[in-house]
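Here is a short tour of one model, with the sequence and coordinates to follow along. Keep your viewer open as you read.

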Amino acid sequence: MDNDRIEQILNEHQGQAGSLIKVLMEIQEQNHWLPREVLVEVSEKLEVPLSRVLRIATFYKTFSLTPKGRHEIHVCTGTACKVRGAQRVLDEVQELTGIKPGETDSDLKFSLETVNCQGCCSLGPMIEVDGKTHSKISPAEIADALKKYE
Amino acid sequence: MAHINSAAELEELRKGILSKIEPDKPCIAICAGIACLGLGNDRVISAFEEEIRKQSLETKVDIRATGCHGFCEKGPIVVIYPEEICYLEVTPEDVPEIISQTVVGKKVIDRLIYTDPNTGAKAVHQFEIPFYKNQSRLLIGNNPKINPKSIEDYLAIGGYSALAKALFAMNPEQVLEEIKKANLRGRGGGGFPAGSKWETTRNAPGEEKYVIVNAHEGEPGAFMDRALFTGNPHLVLEGLIIGAYTIGSHQGFIYTRHDTPQLRENIDIALSEAKEYGLLGENILGSGFNFNVEVHLDVGIFVSGESSALMRSIEGKSPEPRPKYIRTSVSGIWNKPSNLNNVETWANVPQIINNGSKWYSSIGTERSKGTKLISLSGNICNTGVVEVPMGTSLKEIIYNFGGGIPNGKKLKAVHFGGPMGGSIPESLIDSPLDFDVLSKLGTSLGAGDMLVLDEDNCMVETARYFLDFLSGESCGKCVPCREGIRQMLKTLTDITDGKGKEGDIELLEEIAGVVGEAALCSLGRSVPKPLLSMLKYFRDEYEAHIKEKRCPALFCKELKKGEL
C-alpha cells in the first residue's frame with residue numbers, strides 16, 4: 001500500500017480519537033494488514049494511546065497484524081452452511097492448502113479464514129476466494145476451484 | 001436535481017417521475033440480491049446489456065438491477081415487465097432467447113418458469129409460485145420494482161410520502177401516538193414496543209439525542225435485514241427520519257456490516273441522494289427540521305450488535321457492553337439519549353404513518369402485529385426470505401413457502417434466533433409466529449432467522465456448535481460469560497467425542513443457570529438458551545451420547561464408529 005494513501009486517510013481524521021475504528025478499517029481494507037509502524041502513526045495522528053490502538057487492532061477478527069496471502073479464502077461455517085456440510089469443505093481446504101483458519105502459507109499464496117454467515121444461505125456450503133463465491137461446493141470440487149489461483 | 005422545499009414540490013416531482021414512466025415499455029428486472037450475486041448474476045446483467053445493444057433495443061427496453069426478490073434458492077431471478085413473467089435460474093446463455101422470445105415476441109419460455117417439483121404444475125408469474133403465494137410482502141414486495149441505487153424509483157412507488165405526512169400533517173406527539181397504538185414491536189430480537197422506547201428517548205433529559213439503525217445482523221442464518229436494506233435503503237431511511245423527527249434527534253447513525261460491499265454502497269448512495277433532494281440534512285422538505293446520518297461499520301465481532309456495545313463502537317472504543325440499569329435510550333452514545341432500532345423495525349414506520357395504526361394492528365396476532373420477515377435456511381427446499389403476517393404457523397412457513405424438507409428426510413427441529421435462540425421439536429410446528437408464544441416454548445423469534453433441521457442433525461453437536469461460535473464472539477468482559485461458555489463448550493465437546501460422563505447434563509444446567517442470571521449483557525444471558533431448549537426437548541439424545549455412547553442422528557464421528 002502506498003504511504004500517501006495511509007497519510008491521506010490519517011489526515012482526514014487527524015485528532016479525532018472517535019475515528020479510530022474507521023481509520024483502522026480503511027487501512028485494513030486497502031493494505032490487507034496493519035503493520036506496526038502504521039499503528040504507531042495512527043496513534044500519533046489521532047492522539048490515541050498506542051495501547052488502545054493495539055487493543056482495538058487485536059480485539060477485532062477483521063484486523064490482521066501479519067501480512068496476508070495473495071488470495072484470501074473464506075469458508076462459511078454459518079449454521080446453514082454447517083448443516084449442509086461446511087466442516088468437510090473446511091477440512092478439505094485445510095488439507096489442500098496446509099494451513100488452518102487464521103493462517104497464511106509460507107509462500108504467501110493463500111490465507112484461510114472461516115466466516116460466520118455471508119447471508120447467502122441458499123448457496124451453502126460455500127467458499128469465497130478473493131470475494132468470488134463458489135457455491136454449493138463439494139469437497140471433491142475444491143482442488144479444481146483453487147487451481148486457478150497463482 | 002433541485003432541492004425539494006415543500007410537500008407540494010415533492011408531489012410535483014413524483015408526478016413528473018410517474019409521467020415519464022411508460023407502463024407498456026418492457027423492463028427487465030434482474031435480482032441483484034446477495035445470493036443471486038453469488039450465483040454470478042453480474043454475468044447475466046452484462047449479457048442482457050450486450051444483447052440489448054446488439055439488437056439496438058436501447059431505447060425500447062429498460063434494465064433494472066434490483067434488490068433481493070426472496071426466492072434465493074432459484075436465483076438468479078429475472079422478471080419481465082409489464083407482463084411480470086418470472087424466470088428462475090437464468091444463465092447468460094438464456095439471455096438472447098429471453099430478449100427475442102419474451103421481450104420482443106411476447107412468448108413465455110417454458111423451461112425457465114417455475115415448475116412444481118411435486119405436481120409438475122407451472123407458474124408464469126411470481127405471485128403464482130407457491131413460495132410467493134399467500135405471503136404478505138408489505139416490506140420486501142417492492143424490491144423487484146425498484147433499483148436500490150435510484151431514489152426516483154422509490155419516489156415512483158410513493159416513497160417519502162409518509163415523511164411529508166409526518167412533517168406537515170402531524171406533530172411529533174401524534175406520530176408517537178400512532179406508533180404506540182400500532183403496537184410495533186422491535187424486530188431485532190427483543191420484541192420490545194418501539195413506541196415506548198421512542199417515548200423514553202424523547203422524554204430523556206438533554207437536548208442532543210441520537211437515533212440508530214442496527215444493521216449489524218451478525219447471527220448466522222440471518223439475512224433478511226440485508227435483503228431489505230440492500231434492496232430498498234430509502235424505506236429504512238424514511239423510517240429513521242420520521243423517528244428522528246418524533247424523538248427530537250438531529251443526528252442518526254447506521255451501524256452496518258463491513259463485509260457486504262453492496263449493502264454499504266447502496267446505503268451510501270441512498271444517503272447522498274436523499275441529501276441532494278433535501279430529504280436529509282438541513283431544513284428537510286422546507287419544514288425547518290434538520291437531520292444528518294453517519295455510517296459506521298462493524299468490524300467483525302458478534303457482540304458489537306448488542307446495543308450498548310454497538311454504541312461504544314460508534315464512539316471508537318472496543319465494543320464491550322455495560323450493565324443496563326440505565327437504559328441506552330436514556331444514556332447511550334457519549335452518554336446522550338440514543339434510540340436504537342433494527343432495520344426491519346424502522347422499515348415498518350412509513351407504512352404505519354401512511355395507513356394508520358388501525359390498519360397496521362389489523363394484521364397479526366393480538367400482541368404481535370404486522371408482518372415479519374423470515375430468513376429460511378438449513379435443511380429446507382426453498383431457502384430464502386419470506387414475509388408473512390405474525391400468527392402464521394411454522395408449519396405453513398416450512399411446507400407452503402419453504403417447500404418442505406429435501407431428500408425425503410424427516411423434519412426434526414426448528415431453531416430460531418441463531419446461537420442465542422432456541423430449538424423446538426417437530427411436534428410443536430403448529431405454533432404461530434408470535435413473540436410471546438415462541439418465548440413461552442423456550443425459543444425466541446429472534447431477528448427472524450429460522451433454521452430447519454432434519455433428522456440427520458445431532459442436537460448435542462448443534463449446541464456445541466453454537467457455543468463454539470459464541471466463544472469467539474463474546475467480548476470476554478464478564479466472568480460468567482467468558483468462563484461459562486468455555487466450560488459448557490468443554491463439556492459438550494467431551495460428550496460429542498464420546499467422553500461424556502454421568503452428571504454432565506446436571507453440570508451443564510447449573511452453569512447455564514448461572515450464566516443466564518449473572519452475565520452482563522443480553523448476549524451472555526442468552527448464551528444458555530439453545531442448550532436449555534435442547535435439554536428440554538431432546539434430552540434423550542444427550543443421555544444416549546453419555547450413557548450409551550451412541551449418537552442417535554449418527555452425526556458425531558467418534559460415536560459413529562461404535563455404531564458401525
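Leaving aside neighbours within four places in sequence, which residues is Cys76(A) in contact with? They are Cys81(A), Ala86(A), Val115(A), Asn116(A), Cys117(A), Gln118(A) and Met126(A), where contact means heavy atoms within 4.5 Å.

## About the model

This is a predicted model, in which local features need pLDDT of at least 70 and side-chain atom pairs pLDDT 80 or more, while totals for chains, interfaces and linings use all residues. Residues are numbered from 1 along each chain as written, chains are lettered from A and ligands numbered from 1 in written order, and side-chain values use heavy atoms, without hydrogens and water.

Cys76(A) belongs to strand β1, residues 71-76 (strands are DSSP runs of E, at least two residues; helices are H or I, at least four). Cys76(A) is buried at 3% relative accessible area (buried means under 20%, with a 1.4 Å probe and protein chains only). Cys121(A) sits in the loop between β2 (110-115) and β3 (127-129) and is also buried, at 3%. Beyond residues up to four places away in sequence, Cys121(A) touches Ala80(A) and Arg84(A), along with Gly221(B), Phe223(B), Ser377(B) and Thr383(B) of chain B.

Note on methods:
Buried means under 20% relative accessible area, exposed over 50%, partly exposed in between (1.4 Å probe, protein chains only).
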